[in-house]
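Thank you for asking me to look over this entry. My notes are set out as numbered points, to be read alongside the sequence and the coordinates.

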Amino acid sequence: MAKRNGRRGRKGVSRREFLSLAGGLAVGAAVGYTAFKLTTPTPEAAIPYQDIIEKRGLTPDDVEGALKTYLPGGVYDEFILFASGGHSGQVLVFGVPSMKLYRVIGVFTPEPWQGYGYGVKETMEVLKNGSNGIRYLTWGDVHHPEISRTNGEFDGEWLFVNDKANGRVAVVSLKDFETKQIVKIPNTQSQHGGAFCTPNTEYVVVGSQYPTPWDPDKGYVPGETYVELDPNDPDTLKDNFRGTVTFLKFDRNKGRFILEESFQIELPPYSQDLVCVGWGPSDGMCFINTFNTEMAIGGVLEGKPPVEVGSAEYDFDYLHVILWKKAEQLVKQGKYKEMNGIKVITLDTAIKEGILFHAPEPKSPHGADIAPRGDYIVVAGKLEPVATVYGADNIKKAIENKDFEGKDVYGVPILRFDAVKVAQVELGLGPLHTEFDDKGYAYTSLFIDNKIAKWTLGPPYFEGDEAWKVVDKVDIHYNIGHLAAPESNSPSPKGKYVVALNKWSIDRFPNLGPLKPQNFQVIDITGEKMKVLLDYPIGIGEPHYAKIIDINKIKALEVYPMGVNPITFEKHPYAIQKGEERIERTTIDGRPATVVYATVIRSTFTPDIIRVKQGDLVRIHVTNVETTPDATHGFAICELNINASIEPGETATIEFEADKPGVYAFYCSEFCSPLHLEMAGWLIIEPA
Ligand code: K7E
Ligand code: CUA
C-alpha cells in the first residue's frame with residue numbers, strides 16, 4: 001500500500017495482526033470455503049472475523065477482494081484513475097485499488113460545486129470560448145482522457161479529454177484539477193479519436209469520427225456548410241464529406257492549445273476511430289482505426305440498408321498510418337491550405353508527399369494500442385475474434401519499399417497486409433481494447449464474451465512457443481468496453497491491476513429505475529490467474545476510457561498562491577488584500593456598472609451589503625484571503641443562478657446583470673466554520 005497519512009483510527013489493525021490475518025486467508029482460500037478460517041490474531045483484539053464472514057455470507061473470494069481493496073481513512077491509494085464521464089461531460093477521478101471517488105471535474109458541462117459556469121466570469125468564459133459559434137454548449141461527450149507526457153511517460157501535469165459530440169478538446173490542469181481551456185477543433189464535427197499526446201506533448205492528437213460535411217475551399221463551418229447527402233447516390237458521401245486528424249500544438253507552460261501553430265490533415269470520409277501515437281520504433285507515426293470504409297450512408301426509409309449493415313460489407317477496413325513528423329515538415333515548407341484558422345494538409349498533398357498510408361485491418365475495429373516498447377500496434381476488430389498485431393518496423397519497411405497491395409478510392413496506398421502484420425491472436429468474441437502490463441502481457445476486453453483475455457506479446461517480450469498465446473481469461477460482469485491498466489499505452493506500464501469498464505450492470509445492483517449505472521471492476525493481475533476484487537457502479541456518467549497514473553506523479557497544490565486567477569495561474573488583476581475592500585460605481589464599455597472588491601475569510605464577507613442600481617452590470621471580484629488548506633468559501637446569490645466556489649488564495653469574478661430590482665440574500669454555500677450559516681450578506685438592487 002502507498003504512503004500513510006494522517007492518524008489511523010484506534011481500531012486499526014496492526015501490521016502483525018494484518019499479516020496473520022492474511023496468512024489465515026491464504027490457507028482458507030486454498031482449501032475452499034468449508035475449511036476457511038481466519039485466525040483471531042491476538043486475544044486482546046478478539047475481533048470475531050469468522051462471525052462477521054459467516055453473518056455476511058462472504059466467500060473467500062469476497063474476503064480477498066475486500067482485504068486487497070479496502071483503504072482505511074488516512075491511507076492513500078497507489079494509483080489515480082481518470083475516467084471520462086461520457087455524456088455527463090465531466091471527468092471522474094478515482095483511487096485504485098479502493099475505487100474511492102475523489103473528484104468530479106466539470107469540463108464541458110457546468111458544475112456548481114466547483115462554481116464552474118454559474119456566474120463566475122472566468123469559468124463561464126472557458127465554456128463560452130469553447131463553444132462552437134452557433135450555440136452556447138453546455139454538454140459534451142467525453143470518451144478518452146490522456147495525460148501529458150515527457151519522453152512518452154505520463155508526467156502528471158495536464159489532462160486532456162475529447163468531446164465526441166462537438167469536436168472539441170479540453171485542457172485540465174492537474175495542479176488544481178480544474179478545466180482551463182476548451183477548444184473547438186476547426187473543420188471537425190464529431191471527434192472520437194483522441195486525445196493522445198506525442199511523446200513530449202508537442203501536440204495533442206485528435207481524430208474526427210463521423211464524416212464531416214466538407215467544402216473543398218472552405219472546409220467545415222458549423223451552421224454554415226451545407227452539402228448534399230443522398231442515400232440513392234453513395235458518391236454524395238464520398239465526394240462531399242471528409243475526415244480530419246488534428247495536431248493541436250500545446251504550450252505546456254501556459255497550458256493552452258495554440259491553433260496558429262497547429263495543423264490538420266484531411267482524411268477520407270470513413271469513420272475514424274481511436275488514435276494512438278508511437279514512440280521508440282514507432283516514433284513519428286500515428287495510427288487511426290477506421291470503420292465504414294464502405295462509406296454507407298444508411299437510408300432505412302428509402303429502402304437502403306442501415307449503416308450497421310452497409311458498413312459490414314468489406315472484410316477489411318483501414319488502419320491509417322500517418323507520418324506526423326514528416327507532416328510537420330510539410331507545414332514548415334508551406335504545403336498547406338489555411339482553412340478556418342488552421343493549416344490543413346489536403347488529402348491530395350498527403351498522398352503525393354507520402355505521409356498517409358493504409359494498413360488493412362479486420363473489419364469494424366475499435367481499439368488501437370501500442371505495446372510498451374513502441375514496437376507493436378494492436379488492433380482489435382470487434383466483429384472478428386482476433387487481435388491483429390502490426391510491427392512498427394514492418395510498417396516502416398513496407399512504406400520504404402512501396403510494398404503496396406493497391407490504393408483506396410482516393411488514391412491512398414494500401415500497405416500489403418502480410419508485410420505489416422506480425423501476428424493475429426485468437427482471443428474470443430468481441431475484442432475491443434487492449435492494455436499492457438510491465439511483464440509483456442496484453443489484456444484485451446471481450447465485449448461479447450464478457451471476459452478479459454490475457455495474452456503474451458511476441459519477441460522480445462516472449463520468445464518462441466510462448467509468444468502470442470492466450471494464458472488466462474477472467475469473467476467480468478457484463479459487456480466490457482475499455483479496460484485500463486496503470487500507465488498502459490506508455491513505455492512503462494506498472495502492472496498490478498486492470499480496471500474493467502463494463503457497460504451494463506443489469507442484476508448486479510439494486511434496481512433503482514430503468515437507467516442503470518455502468519460498472520467498474522478492479523482486477524488483480526499479479527497472480528497467474530486474474531481475479532476480480534471489487535465492483536464499483538458509476539451513477540454519474542458513462543466512462544468510456546480511463547487512464548491510470550502512479551499517485552506519486554500527481555503534484556497538486558494545497559492552496560493557490562494569494563490572489564491568483566486559477567484559470568490563468570496568473571495574479572488576478574483585481575485581487576485585493578484584507579482592508580482594501582470597496583464598492584465603486586463606474587462605467588464598463590460605456591454602460592453603468594458597479595464593481596465590488598471583496599474578501600472572504602471565516603466567517604465574513606466584506607462588504608456584506610452590496611448596493612447597486614437596476615440596469616447595472618455588476619462585477620464582484622472576490623478574494624479568498626485564507627491560507628489554510630480546505631478553507632474554501634462559496635458565494636451563492638439567491639434567485640440569480642449564481643454560485644462560486646472560492647478556494648484559499650483564489651480570486652474570482654462574479655458577473656451578472658442587475659436587471660430586476662430586489663433585495664437578495666447572498667451566503668457562503670460551503671460549510672466552512674461554526675459560524676458558516678452566519679456568513680451571509682445582502683445584495684440590494686435599487687429600482688431604476
Ligand atoms: Cu466507448 Cu473508446 Cu469511445 Cu470503446 S469508446 S468501448
Ligand atoms: Cu464560508 Cu461557509
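1. The model is predicted, so to speak of local features a pLDDT of at least 70 is needed, side-chain atom pairs count only at pLDDT 80 or more, and totals for chains, interfaces and linings use all residues. Residues are numbered from 1 along each chain as its sequence is written, chains are lettered from A and ligands numbered from 1 in the order in which they are written, and side-chain values use heavy atoms, with hydrogens and water left out.

2. Strand β41 covers residues 633-637, and because five of its five residues are buried, it is largely enclosed by the rest of the structure. Buried here means under 20% relative accessible area, with exposed over 50% and partly exposed in between (1.4 Å probe, protein chains only). His633, Phe635 and Ile637 point one way from β41, while Gly634 and Ala636 point the other way. Strands (E, at least two residues) and helices (H or I, at least four) are DSSP runs numbered from the N terminus.

3. β41 runs antiparallel to β42 (residues 642-646), to which five bridges join it, and two strands are taken to pair if DSSP finds at least two bridges between them. His633 has Ile646 as its bridge partner in β42. The two strands form a hairpin with four residues between them, and Glu639 in the turn has a positive phi of about 70°.

4. β41 also pairs with β44 (residues 662-667), in the antiparallel sense and over two bridges. Here Ala636 has Tyr667 of β44 as its bridge partner.

5. An open sheet is formed by four strands in the order β29-β30-β31-β32, with antiparallel pairing. Its edge strands, each pairing on one side only, are β29 (480-484) and β32 (531-538). Within the sheet, six bridges join β30 (residues 497-502) to β31 (residues 518-524), and Tyr497 has Asp524 as its bridge partner in β31.

6. Thr201 lies in the loop between β8 (196-197) and β9 (203-207), and it counts as buried because its relative accessibility is 2%. Beyond its neighbours within four places in sequence, Thr201 is in contact (heavy atoms within 4.5 Å) with Ser148, Arg149, Phe160, Phe250 and Arg252. The side chains of Thr201 and Arg252 are joined by a polar contact of 3.0 Å. A polar contact is a pair of N or O atoms within 3.5 Å; within protein, one must be able to donate a hydrogen and the other to accept it, and residues adjacent in sequence count only if both atoms are side-chain atoms.
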